[in-house]
Amino acid sequence: MRGFSFAGIVPLLLASILFALPISCGDDDDDRGGVYVPPDDDEDVIVPDDDSADDDADDDSINDDADDDTASPDDDLDDDLDDDTASPDDDSDDDLNDDLNDDLDDDVDDDVDDDLEPTWILIPAGEFMMGCSPGDDMCEDKEIPRHRVILTYNFEMTETEITQAQFEDVMGYNPSYFSGCPDCPIEYTTLWDAQDFCEYYGGRIPTEAEWEYAARAGVETRYLCGNDVNCLYDYAWFSQTEGEVERPQPVRQKLPNAFGLYDILGNVEEYVFDRFDADYYETRPDPDIDPQGPEDDELLRSITRGGPYIYNYFSDVRLSSRSTNFPEHPVAVIGIRCARDIVEEKYIAYLREKCDED
């Protein structure tokens with residue numbers, strides 16, 4: 001059963017309080033009081049382009065046990081998915097962001113170990129090329145066409161995949177098939193379990209566009225370190241790393257990408273919130289602004305990204321690789337990385353829009 005999380009609604013409460021405040025548009029001698037709206041910066045935060053999505057792994061074969069426990073999804077699950085989707089924010093202020101993060105952290109249950117709280121990495125707004133990297137002959141149809149995506153808001157992602165210790169500390173149990181390794185990524189969870197964990201810290205599961213943008217961190221190459229797979233051994237655990245890798249490995253043992261995210265490729269695949277539509281890329285506008293994934297409630301499979309530690313060869317740990325799984329079917333190669341909105345950015349964007357109307 002999905003638990004209630006007060007921290008998950010804190011951003012909404014803060015937003016409603018902020019939106020009730022009076023507005024003072026950016027005139028120095030304006031004496032109306034209320035919240036001062038700083039003038040727009042002409043500088044746009046643009047992060048280099050990226051390319052995109054790879055790999056279809058139906059990871060069901062990793063555990064025979066998983067097949068027996070598979071729950072087939074239904075329309076109610078689709079409704080839950082839509083209800084839980086968090087909308088992205090716009091523009092940013094570091095001081096406000098620090099205060100907000102402190103407030104969210106303070107609302108977490110006292111029984112939770114502060115030392116196990118995830119570290120959050122700021123991902124700046126920008127644009128990238130999503131889909132098959134230039135010259136990549138391993139791309140599948142579902143990674144094509146390469147298309148331009150703009151994310152107009154800053155957001156945060158957890159520095160590492162969520163570990164077994166972190167998950168158990170919050171949720172009270174450890175479902176991992178490979179349990180007994182506190183610093184290894186949690187796996188064998190459903191998408192809903194993953195969402196519940198992220199909500200505990202005021203977060204959510206990232207969209208597919210957010211995931212690839214954060215994973216690429218400005219590169220357009222096949223892998224996060226270049227086009228030659230030999231560079232990847234320093235960054236990712238996958239089946240060709242130092243012999244056969246037969247289980248998840250402790251996080252932070254390899255190098256991070258340019259944004260500071262560890263194990264973004266390899267180790268375990270990571271849930272994203274989008275449902276899978278094989279033709280989705282072909283229908284996207286140019287540019288595709290803040291995409292949230294297909295809206296078709298009849299789509300049953302969700303997307304996972306990043307490639308797992310096992311039976312994924314060089315093609316599966318490419319930045320554009322895309323895999324799928326039923327959201328209620330736990331698998332021992334799929335784990336969790338959380339994203340988090342920066343609430344006050346929405347408020348600043350709202351104020352600027354109101355001032356423009358005046």
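Let's start with Asp136 and Arg222, which form a salt bridge, with 3.1 Å between the closest N and O atoms. Asp136 sits in the loop between strand 4 (126–130) and strand 5 (147–151), while Arg222 is in the loop between helix 7 and strand 7 (269–275), so this pair ties together parts that are 86 residues apart in sequence. Bear in mind as we go that this is a predicted model.

Are these two residues buried or exposed? Asp136 is buried, and Arg222 is buried too. The general idea is simple enough: opposite charges on side chains can pair when the charged atoms come close.

How many salt bridges does the structure hold? The count is 18. I'll show you two others.

One of them joins the side chains of Arg252 and Glu159, at 2.7 Å from N to O. Arg252 is in the loop between helix 7 and strand 7, and Glu159 is in the loop between strand 6 (155–158) and helix 5 (164–171), so here the parts being tied together are 93 residues apart in sequence. Now, the cut-off for buried is under 20% relative accessible area, and exposed means over 50%. Arg252 has 42% relative accessibility, so it counts as partly exposed. Glu159 comes in at 15%, and therefore it is buried.

The other one I picked is between the side chains of Glu270 and Arg337, 3.0 Å from N to O. Glu270 belongs to strand 7 and Arg337 to the loop between strand 11 (334–335) and strand 12 (339–341), so the pair ties together parts 67 residues apart in sequence. Where do these two stand on burial? Glu270 has 0% relative accessibility, so it counts as buried. Arg337 is buried as well, with a relative accessible area of 0%.

Let's stay with that loop between helix 7 and strand 7 for a moment, as Val219 is there too. Val219 has a relative accessible area of 22%, so we call it partly exposed. Along the sequence Val219 and Ser133 are 86 residues apart, yet their C-alpha atoms are 9.5 Å apart in space.

Now for the whole chain. The protein chain has eight helices and 12 strands. It is 358 residues long, and 55% of those residues count as buried. If you take the contacts with a separation of 6 or more, 80% of them are between residues 24 or more positions apart.

Next, helix 5. Which of its residues are buried? Among them are Gln164, Phe167 and Val170. The buried residues of helix 5 pack against helix 6. Just after helix 5 you'll find Gly172, with a positive phi of about 85 degrees.

Moving past helix 6, look at Thr207, in the loop between helix 6 (191–200) and helix 7 (208–216). Its relative accessibility is 5%, so Thr207 counts as buried. What does Thr207 touch, if we skip the neighbours within four places in sequence? It is in contact with Val272, Phe273, Asp274, Pro291 and Gln292.

On to Asp277, which lies in the loop between strand 7 and strand 8. At 25% relative accessibility, Asp277 counts as partly exposed. Beyond its neighbours within four places, Asp277 is in contact with Pro294 and Leu299. Asp277 and Arg301 are 24 residues apart along the chain, and 8.5 Å separates their C-alpha atoms.

Last stop, the surface. Glu295, Asp296, Asp297 and Glu298 gather there in a patch of negative charge. Take Glu298, in the loop between strand 8 (288–289) and strand 9 (302–305). Glu298 has a relative accessible area of 55%, so it is exposed.

To leave you with one contrast: the patch on the surface is negative and includes Glu298, whereas Asp136 and Arg222, where we began, are both buried. That's my tour, so over to you.

Conventions: Residues numbered from 1 in each chain as written. Predicted model: local features only at pLDDT ≥ 70, side-chain atom pairs only at ≥ 80, totals over all residues. Heavy atoms only, no water. Helix = DSSP H or I, 4+ residues; strand = E, 2+ residues; numbered from the N terminus. Buried < 20%, exposed > 50% of the residue type's maximum accessible area, 1.4 Å probe, protein only. Contact = heavy atoms within 4.5 Å. Salt bridge = Lys/Arg side-chain N within 4 Å of Asp/Glu carboxyl O. Patch = residues over 30% accessible without salt bridge, like charges linked within 9 Å, V, L, I, M, F, W, Y side chains within 5 Å. Areas by Shrake-Rupley, 256 points an atom, 1.4 Å probe, with all protein chains shown as cover. Lys, Arg positive; Asp, Glu negative; His and termini not counted. Charge placed at Lys NZ, Arg CZ, Asp CG, Glu CD.
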